[in-house]
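Hi everyone, thanks for coming. Let me put the structure up, and then we'll walk through a few pieces of it together.

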Amino acid sequence: MRRILSLATIPLLMAPFTGCRNPFDPSADVIIDHFEPRMGSMKQGEWNNEITRPGASWAVQAQYVTVFIRNYSTVGVSFSSYTVVYRQVSEQAGAIPPLPAHSPITAAGGAEGLTFKFVAHLLGLQYPNNEGQERSWNIQVVTDDLLRYCANTETQSGGIDCEITMHGTDHNGHDVTVSGVWHLEVF
Amino acid sequence: MTRTIKTLPLVLLAVAMAGGCRNPFNPSADIELAEITCSNKDTSSNDNKVQVTRPSLWINCTYLKTLSTIDYTQYTATMNFVVKNKVIVTIRRISMVYTDPLGNEITLYKNVSGGRTFSTLYRFSFPANNNSGSGSYGEGVANSIELYPIDSKVYETIKAYPYDTMYVTITAYGDDENGYDVRLSGTVTITFFGECNK
């Protein structure tokens, strides 16, 4: 009997060291399911997208992407930002010195990329569901600065890979980072 | 055996105090800022024939320049809160601080302490029973405040702004009925496109 009572106090004794958080709480299990462009079509596993000059009335459609995220745990997630690193698939011949293929585009944030801040919430599972709890957001990926870069630089050979990383925190306090690459074809 | 049972509550109390746990008889509202949703009702582009909701604000400079006055309600940011305890929360003040991508404060509000600040009064709903909530944000009851981050001073700033994006950090200040301060903050991106200052 004494052993049982002692066992019951162990989690409580651990509480001061874990900030009153249940040490057995799981972290969220989150993935990016896929991206969908607002324009263009899917081709050979890549999403092609048409971009145009800044200021065109419909250009805004080409500038954002719908990201679909799934959560396979019961722990919800709050997202606070996403970053996009732009890599030119072909060599950046215009740079001094020329940069090899797949280098980050300096004019679009370089290796650190661009950071977009937002506040978004993804539910945890409310009931058993093998497909996970899915939600999507329309996030900006293409900026006017990137459009200007494409207009003034040879980017049609290979296009641009956009490495998108979503940052957040789950409800048990764990950092959540999920990422994927969305390809931008320039023509 | 009896002594063990008697000392157990004391052990629990000591652990709770050492761990900084709150008095369960004086709980806070356990309120969270779950989400900020943004809406653009600008009907000038094909994309926006209907109201579009995104996690960021999009400003069409080409369209904005044609306006003699700004309809604040075209660009909204809605703070969505969730209250998880049966404690009333009152929001009394909102501030908005605008920064550029490098983190520097901008807009004509930058000389005002706390950015653009205004008083308000919102009394939030709370869970009335064990079945309350289970809505958009899981457990708890959702409440929202609709705000208009784009006004004439922001518009004047945009005219001479060198970047495509800026951030607005929105903070709601208030308190709950058990005396706990409430201060919840979130940052969203404002994106400019079209014929801006470039």
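In chain A, three strands make an open sheet in the order E1-E4-E8, with antiparallel pairing. Strands here are DSSP runs of E, at least two residues long, numbered from the N terminus, and two of them pair if DSSP finds at least two bridges between them. E1 (30-37) and E8 (133-140) of chain A stand at the edges with a single partner strand each, so one side of each has no neighbour in the sheet. From one strand to the next, the twist averages 25°, using lines fitted to C-alpha atoms and angles from 0 to 180 degrees between N-to-C directions.

Before going on: this is a predicted model, where local features need pLDDT of at least 70, side-chain atom pairs count only at pLDDT 80 or more, and totals for chains, interfaces and linings use all residues. Residues are numbered from 1 along each chain as its sequence is written, while chains are lettered from A and ligands numbered from 1 in the order written.

Back to the pairing: E1(A) and E4 (residues 64-71) of chain A share seven antiparallel bridges, and Glu36(A) has Thr66(A) as its bridge partner in E4(A).

Now, how many bridges join E5 (residues 77-88) of chain A to E7(A)? Seven, and these strands run antiparallel too. Val84(A), for instance, has Leu114(A) as its bridge partner in E7(A). Eight of the nine residues of E7 (residues 114-122) of chain A are buried, so that strand is largely enclosed by the rest of the structure. Buried means 20 or more other C-beta atoms, placed from the backbone, within 10 Å of a residue's own.

Methods:
Helices (H or I, at least four residues) and strands (E, at least two) are DSSP runs, numbered from the N terminus. A residue is buried if 20 or more other C-beta atoms lie within 10 Å of its own, exposed if 12 or fewer, and partly exposed in between; C-beta atoms are placed from the backbone.
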